[in-house]
Amino acid sequence: MSKFTRRNLIAAGVVTAAGASGLGVAVKLAKHYGLVPPDAVGLYGAGETLTYAAQRILTRHSMAREFTRSQISTSPFANEVAPLGEGFQRLQAEGFADWRLTVDGMVAHPASFSIAELKSYPCQTQITHLACEEGWSYIAEWRGVPLSHILGLVGVLPQVRYAVYRSFQPDWWESIDMADALHPQTLVTHGMNGGDLPVAFGGPLRLRVPRQLGYKNVKYITHLTLTDSLKTLGKGLGSAAPEAGYAWYAGI
Amino acid sequence: MAEIPRPRHPSVVRVTHWLTTLAFFALLVTGVEILISHPRFYWGETGNIATPALFTLPIPTSRATFPNGYSYMLPDQNGWSRYLHFQAAWIAVLTGLLYVGFGFLQGHFRRDLFPASSDLSLRRISRVIAGSLRFKRPSEGEAWSYNVLQRLTYLFVIFVLFPLVIWTGLAMSPAVASAIPGAVTLLGGQQSARTIHFFVSGFLVLFLLVHVLMVCLSGFRNRMRAMITGRATKDMERA
């Protein structure tokens, strides 16, 4: 059996000190490069930071897999949502003619877009996979305007780090970093499988973030805010998901 | 100065063993919690309750999207379960890297796990299996080492089951799938990855049960002492 010799103790001390200062430097670097997620607090902060940092380094520019037309799910599943209420039904009755996507925050030209205006912008279709954290999934063809196009129109200020988006449903709001916000496949989606986006799947407007799980793909979006910090929003954890106990970053 | 006897298990093996135990327990509990929100499995890229299943576990669930015919629901704890699952996965992976690095560099695999080529005959292996089935107590020499069956089992767990459970876990991540699409297509799709992840986890649990059973049968206190302090028993020291 090994003994606690003076040499062993000194070696253990040196290793511990090196480990602690290495960890300190790693945390400083991670903060500097924006690799610490907003919900990196408490018991699971370390694991969440490792996941987010590793995936940001590995996947900053990677493209979500696209599938062939024959792989589109014939039975996509529309997850249940809370009742949308009378206000929504009134808008729906008028074919969402009065629906607006308001873009504000740290932008040069705050603006508000109707569905018709959004449809007049350069269109992108993608056949991508949507997976729920529960374990089920489907593939659909999504059509919409790349979020990066809208961000170009409003002029994002250089200090912006996050895009915050809100649903017509109160209390459903999410945010993504600029790597995802400017990603070419992040789509302000208004069409699905060749038609308008059905209400059950988030119509008239849903944000598709195909490199993250379903709950980041907020349905019925009405509001987009560009910001340099998530600290003052809600409980300061970044979005509604961590306030309900779920990870802010859902790339896994 | 008296010669210090070699510990039964090197300190790195002991530390990584218990870290893995801790991480595995966390992964298992949270994995089950995540699973019960949709205890239905598919093959290929996609699957949901509107599509045919490969098989469905006849258990109650934690989510209204998948009622499964029971009159009650299990507690839905997916939030912290997912946080803990991934944190424990990091601990398991980093511990595993430390262990495998040590195993190769310090000769642990060569000395303790790679079977001697003379042991790799069907006759020898079947004799060890027959001995194990009769719960024959190991000889004194064997108590200091592993027999060929133990060696092959540990190697299978370390180099097949663990890498496979990590791979299939990562393949379920949409971001990892975007960076390394081949890691998903090679498995047959993301739902296939989920199904394989379930079965490999099942094999790991089976290994755990047999492992703990063997520890109990061959002397729980002595084996635990050897894995905690590194000290073998008086009997084993005489060997």
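Me: Where does B:Val160 lie?
Reply: B:Val160 lies in helix α6 (residues 148–171) of chain B; helices are DSSP runs of H or I with at least four residues, numbered from the N terminus. This is a predicted model, in which local features need pLDDT of at least 70 and side-chain atom pairs count only at pLDDT 80 or more, while totals for chains, interfaces and linings use all residues. Residues are numbered from 1 along each chain as its sequence is written, and chains are lettered from A in the order in which they are written.

Me: Why does B:Val160 count as exposed?
Reply: A residue is exposed if 12 or fewer other C-beta atoms, placed from the backbone, lie within 10 Å of its own, buried if 20 or more do, and partly exposed in between. B:Val160 has 12 such neighbours, so it counts as exposed.

Me: What makes a set of residues a nonpolar core?
Reply: Its members are buried Ala, Val, Leu, Ile, Met, Phe, Trp, Tyr and Cys residues joined through C-beta atoms within 7 Å. The largest one here has 78 residues, and A:Val188 is among those with the most contacts inside it. Helix α2 (residues 78–105) of chain B gives the most to this core, six residues.

Me: Which residues is A:Val188 in contact with, leaving aside neighbours within four places in sequence?
Reply: Contact requires C-beta atoms, placed from the backbone, within 7 Å. The partners of A:Val188 include A:Leu118, A:Gly144 and A:Leu207.

Me: How many residues does the contact take from each chain?
Reply: Chain B gives 38 and chain A gives 41. On the side of chain B that touches chain A, α2(B) gives the most, with nine residues.

Key:
Helix = DSSP H or I, 4+ residues; strand = E, 2+ residues; numbered from the N terminus. Contact = placed C-beta atoms within 7 Å.
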